[in-house]
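Here is a short tour of one protein chain, written for someone who likes to look while reading. Please keep the viewer open as you go.

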Amino acid sequence: MKISEVKDILKGDILVGEDQLDTVIVAGGAADLMDDVLSAAAKGSALLTGVTTDHVIRTAKIVGVGAIVIVRGKKPPTDFIKMAKSFEIPLMVTEYSLFVACGRLYMNGIRGLDGSW
C-alpha cells in the first residue's frame, strides 16, 4: 500500500513527505514505547503513535520506518517536524485514535509486523 493510500484511509494530513506519496508501506505497527518499536518494527513499515518527542524520529530513522502517523489529532512541535524532514521520514497526522487508525489500515489490507492478517 502506498503512503497516499494510508493518507486517504486515515483522512490524514501530510506534514512531511509530499514528494514520497508513492512510497510503498509493507506493514504497520503501533507503539508509544520506542523500545517496542526497536524490537518489532520492520523496515518500510508505518509507525502509528501518539508520542511527539524527538525519540520517535530517532527511533524511526534507526529502524528504517517508511512513515510515521501521529494519532488523536495531536499537533507535533515544530522541532519534531523539522527533524522528520531532515531525516526524510514521511510524517502525517490523523484525527483517529490509535486503535481506530490501526483497525482502518488492517481492514484495508495492511499486515501486522508479524505478517498476520
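The text below goes from the overall fold to one pair of helices.

This is a predicted model, in which local features need pLDDT of at least 70 and side-chain atom pairs count only at pLDDT 80 or more, while totals for chains, interfaces and linings use all residues. Residues are numbered from 1 along each chain as its sequence is written, and side-chain values use heavy atoms, leaving out hydrogens and water.

The protein chain holds 5 helices and 5 strands, which follow the order α-β-β-α-β-α-β-α-β-α from the N terminus. Helices (H or I, at least four residues) and strands (E, at least two) are DSSP runs, numbered from the N terminus. Of the 117 residues, 46% are buried, meaning under 20% relative accessible area with a 1.4 Å probe, protein chains only.

Now to the helix pair. The axes of α3 and α4, lines fitted to C-alpha atoms over the stretch in contact with angles from 0 to 180 degrees between N-to-C directions, come within 9 Å and cross at roughly 15°. The two helices are therefore roughly parallel to each other, a label for angles under 35 degrees. Their contact (heavy atoms within 4.5 Å) involves these residues:

| Helix | Range | Residues in the contact |
|---|---|---|
| α3 | residues 54-63 | Asp 54, Val 56, Ile 57, Arg 58 |
| α4 | residues 78-86 | Phe 80, Met 83, Ala 84 |

Technical notes:
Angles under 35 degrees count as roughly parallel, over 145 as roughly antiparallel, 65 to 115 as roughly perpendicular and the rest as oblique. Buried means under 20% relative accessible area, exposed over 50%, partly exposed in between (1.4 Å probe, protein chains only).
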